[in-house]
Amino acid sequence: MSYQKYGIRPQLVERVKFKMKNPVVKDRIRLLLGNVTKYDLQDRVKVRKLVKSAAVILQEQLTETQEEQIIAFVLGQKIDPNNTFHLLKLWGMFR
């Protein structure tokens, strides 16, 4: 998995996937990320804020190292939320 190359642990990913099955949590995350642009996802400061906000919504206690790993992963993927191919690639990574 690509996220493992960034040091993100599979256990964390599985916990988050499980929590995202809750419709209330999913809607809160959807609201958080609803207006995000590809430029936002390439700005380290904005990505850090999004990661911290998502961690609060998901009730995950992230260490500074885990935050940095997630930020590096997001920046490394060069995600464009309006590009269906990018979204399918991410979906495939976390299935």
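# Notebook: helix packing, salt bridges and loops

**Entry 1, leucine 41.** I began with leucine 41 and, leaving aside its neighbours within four places in sequence, I found it in contact with Val36, Val47, Leu50, Val74, Leu75, Ile79 and Pro81. I note at the outset that this is a predicted model, and I read each entry with that in mind. Leucine 41 sits in the loop between H2 and H3, and its relative accessible area is 11%, so I record leucine 41 as buried. I also looked up its separation from valine 16, which is 25 residues away along the chain, and the two C-alpha atoms are 19 Å apart.

Is aspartate 40 buried or exposed? Its relative accessibility is 17%, and therefore aspartate 40 counts as buried, the limit for that class being under 20%. Aspartate 40 is placed in the loop between H2 and H3, and its contacts, once neighbours within four places in sequence are set aside, are Asn35, Lys46 and Val47.

I next took helix H2, residues 23-33, and helix H3, residues 44-58, whose axes come within 10 Å and cross at roughly 165°. Angles over 145 degrees count as roughly antiparallel, and H2 and H3 are therefore roughly antiparallel to each other. The crossing in which H2 passes H3 is right-handed. Which residues make the contact between H2 and H3? From H2 I list Val25, Arg28, Ile29, Leu32 and Leu33, and from H3 Leu50, Ser53, Ala54, Ile57 and Leu58. Sorted by class, this contact of H2 with H3 has 8 nonpolar, 1 polar and 1 charged residues.

The axes of H3 and H4 are 10 Å apart, and the two helices pack at an angle of about 125°, which makes H3 oblique to H4. H3 passes H4 in a right-handed crossing. On the H3 side I find Arg44, Val47, Arg48, Val51 and Lys52, which meet Glu64, Glu67, Glu68, Ile70, Ile71, Val74 and Leu75 in H4. By class, the contact of H3 with H4 has 6 nonpolar and 6 charged residues, with no polar ones.

How many salt bridges does a search of the whole structure find? The search returns 9. I looked up arginine 48, which forms a salt bridge with glutamate 68, with the closest N and O atoms 2.5 Å apart. This pair links distant parts of the chain, since arginine 48 belongs to helix H3 and glutamate 68 to helix H4, 20 residues apart. Arginine 48 is partly exposed at a relative accessible area of 23%, and glutamate 68, at 29% relative accessibility, counts as partly exposed. Through salt bridges that share partners, Arg44, Arg48, Glu64, Glu67 and Glu68 are joined into one network.

Lysine 19 forms a salt bridge with glutamate 60, and their closest N and O atoms are 2.7 Å apart. Lysine 19 lies in helix H1, residues 10-19, and glutamate 60 in the loop between H3 and helix H4, residues 64-77, so this pair ties together parts that are 41 residues apart in sequence. With 25% relative accessibility, lysine 19 counts as partly exposed, whereas glutamate 60, at 10%, counts as buried. I then turned to aspartate 27, which forms a salt bridge with arginine 30 at 3.3 Å between the closest N and O atoms. Aspartate 27 and arginine 30 both lie in helix H2, 3 residues apart, which is about one turn of the helix. Aspartate 27 counts as partly exposed at 40% relative accessibility, while arginine 30, at 51%, counts as exposed.

Glutamine 59 has a phi near 55°, a positive value in a residue other than glycine. Glutamine 59 is found in the loop between H3 and H4, and with a relative accessible area of 69% it is exposed. Lysine 78, although not a glycine, has a positive phi of about 50°. Lysine 78 is placed in the loop between H4 and helix H5, residues 84-93, and at 56% relative accessibility lysine 78 counts as exposed.

Technical notes:
Residues numbered from 1 in each chain as written. Predicted model: local features only at pLDDT ≥ 70, side-chain atom pairs only at ≥ 80, totals over all residues. Heavy atoms only, no water. Axes fitted to C-alpha atoms, helices over the stretch in contact; angles between N-to-C directions. Helix = DSSP H or I, 4+ residues; strand = E, 2+ residues; numbered from the N terminus. Parallel < 35°, antiparallel > 145°, perpendicular 65-115°, else oblique. Left-handed = near helix turned anticlockwise from the far one by under 90°. Contact = heavy atoms within 4.5 Å. Nonpolar A, V, L, I, M, F, W, Y, C, P; charged D, E, K, R; others polar. Salt bridge = Lys/Arg side-chain N within 4 Å of Asp/Glu carboxyl O. Buried < 20%, exposed > 50% of the residue type's maximum accessible area, 1.4 Å probe, protein only.
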